[in-house]
Structures are given as C-alpha cells and as structure tokens.
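User: I'd like to go through this model and ask what backs up each label. Can you take me through it?

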Amino acid sequence: MSIMEIIGGILIIIGSIFLFLGALGIYRMPDIYNRLQAGTKATTLGAMSLILGVGFLEPSWMLKSLVLIIFIAYSNPISSHALARATYRRGHYPLILSDDKENMDAYQEVVPHEKEKEEKV
Amino acid sequence: MQALTLNQKLGRFIVNWVFLMLLWIMFTSTFAAQELIVGGLLTMIISLLSIRLFTCCDLSLLSPVKIFWMVYYFGVFLVALIQANLDVARRVISPSLPINPGVVKFKTKLKTNYSKMVLANSITLTPGTLTIDVVGDTFYIHWIDVQTTDPEKAFTEIAESFEKVLLKIF
Amino acid sequence: MMTYIIYIAFSLMALGMIMSAIRFVKGPTAGDRVVALDTLTTIGVSALVLLAYVFQRFIYVDVALVYAVLGFIGVIVIARYLEGAL
C-alpha cells in the first residue's frame, strides 16, 4: 500500500463514522433544531472527508472532488438555515429545558409566538 | 440600487471571470487548449450577463493581502469545523444527551450582504450554533448549550474570531 | 485491506441511512421529514462517490454532483413552501 492509499483509507473511515454519527443525531435528538445541528455539522464534515479520501485514492479525480466538497460546504448550512427559519415561522418553537423560559428565546421579538398547533402530515 | 460606475462594473466583471474560469478548470480537470478556449468564452459571456447579479466585491478582492486573509480564514474555519464535529459526536454518543438549547441574538459590524452570508454559514458550521435568521445587522442563533443570553457575551463566544478576519477581507 | 475499509464504510453509511429513514417515517412535523431527507441526500452523494471508486467509473462523480445540486434545490423549495412564501 502506498502512502496515498493509507491517507485515503483513513479519511474514508473517518468520513463514514461522521456520516453515521450525523444520522444517529437525527434519530436521537429531541426537537427539529437540535436535529438540524447534528445533521448539518456531522454530515458536512463526513461527506467532505469521505470525498477527499476518494480524491486521494484516485489523484486524477482530485479537482472534481474539490468542486463537490466546496459545493457541499456551501449548500448544507444554507439549507439548514432555510429549514430552521421556515419551521419557526410555521409555529414550531425550540424546546427549552432551563427555567428561564422568557429570555432563552430571543427570536420571539421578530416572530411573536402563537399558540402551538398540532400538525397532521 | 444606485447606478454602477464603469470602474465597479469592470472590477466585478474581472472577479467573476476569474472565479468562473477556476470553476471551469476544476470541472473539466484538464488543461487542453480547446477546453480552455471554450471555457474562457463561456465564462466571459456569463460574467458579462451577471454583472448586476453577483454583487459581492470588486477588483480589490484579488490583492495578495486579501488572498492571504482568505487562506487564514479558511484555516480558522477548518479548525472550528473539526471542533464542532467532535462536540456534536460527544453529545450524540453520550446516553444522557447533555443539551440546554435556546435562542440568543447579537449584533455584527459587517456591512455587505455577502460577508453576512459567509459569517452566517460559518456560525452554522461551528460548535453547537445554528443561524436561524439575520434581520438587518442582528443575528439570531440557536445554541445547543446556552452559556449566556447577553448579546455582547454571546458575540464574543460565537462570532468574534470570524468577524475579525472577515472585516479585513470585505 | 482496501476491500475491508470499503466494507466498513458502506456498512456505516447503510446504518446511517436506515436511521434517517426511520426519522423520515416517524418525524412528527414536516420539517423533521425534510431534515431526514437532507441527511439521506448527503449520505447518498458520499455513497455515489465511493461507488465511483469501487467501479472505477469517473462519470459517477458527475452523477453525485448533479444529485447534490438537485437535493439542495429541493430542500430550499420545500422550506420556502413550508414558510408560506411560495
């Protein structure tokens, strides 16, 4: 095995572990904002690392892998931000565990809370 | 939107052309003459058509000092991204889910839309924070483990290291 | 050695896909389902790139790129729709 193959293999393993952890976070977290936190961060680094690993294994693919990496690093935060905003404006507010419920939600000065409604989808 | 001077138009055109050409070379991943000629023509037409759309910056963006700060920013960002992932991994794996979520806000000194977008994206990818909305110069951040609800302190915790560098670029 | 690494990577990704699929079916709100779909897309893109290496076909990387672009646009459109701006 050459040194490139070793680096590529390690990156692929790290990437798949983080992809798995992101999905585990999606499954375990209690509300949608925390799910977005786990989902965005872990899957972004996981996909970046795995694609970079494939780029190391096949050096002639490196440039296109870099395009894919840049695109993922650019688009994932935007889509999670759009989803968080849409969910808040739709009337699903963040879960707050501490006692200070009034001060912990600063966004309600922009979008005042209505009575939370049950959704059937 | 105010009218653009010829200088601004030319600057934007050249910046767009350079970045689109870089993207084209990455897409085709070859340096053959015919590919480069077709790519040069296409990217020139696109950047001519989109002077009004891509409004991020002008020619001074390509100066060596700013490129140095861009590379430096990329380093800061990469370190924060890896920290964020270890942080999320720790929270996801531990059986008791150690979270204390809430929404905080802070104000930024950045002026242009593009730099606010870069800052918001970076905040989303750093430990435990997620940008919900940007209204004017106020950022609303969902924080997975709230330590302070005071805007000033939240700013120091979350965004100061990024904003210092971004103010030098834009 | 490389074969084992690829086996491990694909098993982890398959487990991740199953968990996102469970969230996709269970998710109490529409937003939860879209988050799960977004995660599925990202894992799918990574799986396509790794498959391109396994089969030695460069063209699959382009497929992954187009899939990433379409998934991103889809999530943005659904988010705008949920917000009521569409």
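**Pocket and interface**

Analyst: Let's start with the second largest pocket, where α4(B) gives the most to the lining, with six residues. Keep in mind that this is a predicted model.

User: What makes Asp133(B) and Arg89(A) a salt bridge?

Analyst: The closest N and O atoms of Asp133(B) and Arg89(A) are 3.0 Å apart. The cut-off is within 4 Å, so the pair counts. The rule finds two salt bridges across the interface of chain A and chain B.

User: Which helices of chain A supply at least two residues each to the side that touches chain B?

Analyst: Those are α1 (3-28), α2 (32-57) and α3 (62-90) of chain A. α3(A) gives the most, with 15 residues. The side of chain A that touches chain B has 29 nonpolar, nine polar and seven charged residues.

User: How much area is buried between chain A and chain B, and what share do carbon and sulfur atoms give?

Analyst: About 3800 Å² is buried, with carbon and sulfur atoms giving 70%. Chain A puts 45 residues into the contact and chain B puts in 45 residues. There are also 15 residue pairs in polar contact between chain A and chain B, counting pairs with both residues at pLDDT 80 or more.

Conventions: Residues are numbered from 1 along each chain as its sequence is written. Chains are lettered from A and ligands numbered from 1 in the order in which they are written. This is a predicted model: local features need pLDDT of at least 70, side-chain atom pairs count only at pLDDT 80 or more; totals for chains, interfaces and linings use all residues. Side-chain values use heavy atoms; hydrogens and water are left out. Contact means heavy atoms within 4.5 Å. Buried area is the accessible area (1.4 Å probe) that two parts lose on being put together, summed over both. A salt bridge is a side-chain nitrogen of Lys or Arg within 4 Å of a carboxyl oxygen of Asp or Glu. A polar contact is a pair of N or O atoms within 3.5 Å; within protein, one must be able to donate a hydrogen and the other to accept it, and residues adjacent in sequence count only if both atoms are side-chain atoms. Helices (H or I, at least four residues) and strands (E, at least two) are DSSP runs, numbered from the N terminus. Ala, Val, Leu, Ile, Met, Phe, Trp, Tyr, Cys and Pro count as nonpolar, Asp, Glu, Lys and Arg as charged, and the others, Gly among them, as polar.
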